[in-house]
Amino acid sequence: RLKTPTLICQGTRDPFGTKEEVKNYALSARVQLQWLEDGDHSFKPRKKSCRTQQMNWETALDSIVALPRRYKKINLVSARKILDLNVSVDAYCTIL
């Protein structure tokens with residue numbers, strides 16, 4: 001079982017695990033999920049959605065920043081820079 005506190009930001013339409021699929025996973029209690037509405041693997045929603053990829057990234061970043069302060073150090077991998085560059089990459093948050 002995973003012992004490190006972990007935040008997973010995932011689009012509700014991510015082909016690597018939809019919300020419906022993930023609810024059946026036996027995840028550690030140390031895992032927090034942040035669902036990004038109508039997002040795919042890169043958090044991009046469909047055009048008919050009222051959301052934008054930027055909105056989903058901002059939701060993900062808000063969740064990362066809101067991680068409990070009880071951890072010694074939070075190392076964010078250039079999350080704001082990713083938004084500024086408007087590129088599609090996986091972002092990781094490592095809690096040391």
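Predicted model: local features only at pLDDT ≥ 70, side-chain atom pairs only at ≥ 80, totals over all residues.
Residues are numbered from 1 along each chain as its sequence is written, and side-chain values use heavy atoms, with hydrogens and water left out.

View 1. A salt bridge is a side-chain nitrogen of Lys or Arg within 4 Å of a carboxyl oxygen of Asp or Glu. Arg13 forms one with Asp38, with the closest N and O atoms 3.2 Å apart. Arg13 lies in the loop between S1 and H1 and Asp38 in the loop between S2 and H2, so the pair ties together parts that are 25 residues apart in sequence. Helices (H or I, at least four residues) and strands (E, at least two) are DSSP runs, numbered from the N terminus. Arg46 also forms a salt bridge with Asp38, and here the closest N and O atoms are 2.4 Å apart. Buried means under 20% relative accessible area, exposed over 50%, and partly exposed in between (1.4 Å probe, protein chains only). Asp38 is buried at 8%, whereas Arg13 is partly exposed at 28% and Arg46 is partly exposed at 40%.

**View 2. The salt bridge of Lys23 and Glu20.** The side chains of these two residues meet at 2.9 Å, N to O. Lys23 and Glu20 are both exposed. The model has three salt bridges by this rule.

**View 3. The largest nonpolar core.** A nonpolar core is a set of buried Ala, Val, Leu, Ile, Met, Phe, Trp, Tyr and Cys residues joined through side-chain atoms within 4.5 Å. The largest one has nine residues, among them Leu7, Cys9, Phe43 and Trp57. Strand S1 (6-11) and helix H2 (53-65) are the elements that give two or more residues to this core. H2 supplies the largest share, four residues.

View 4. The buried residues of H2 are Gln53, Asn56, Trp57, Ala60, Leu61, Ser63 and Ile64.
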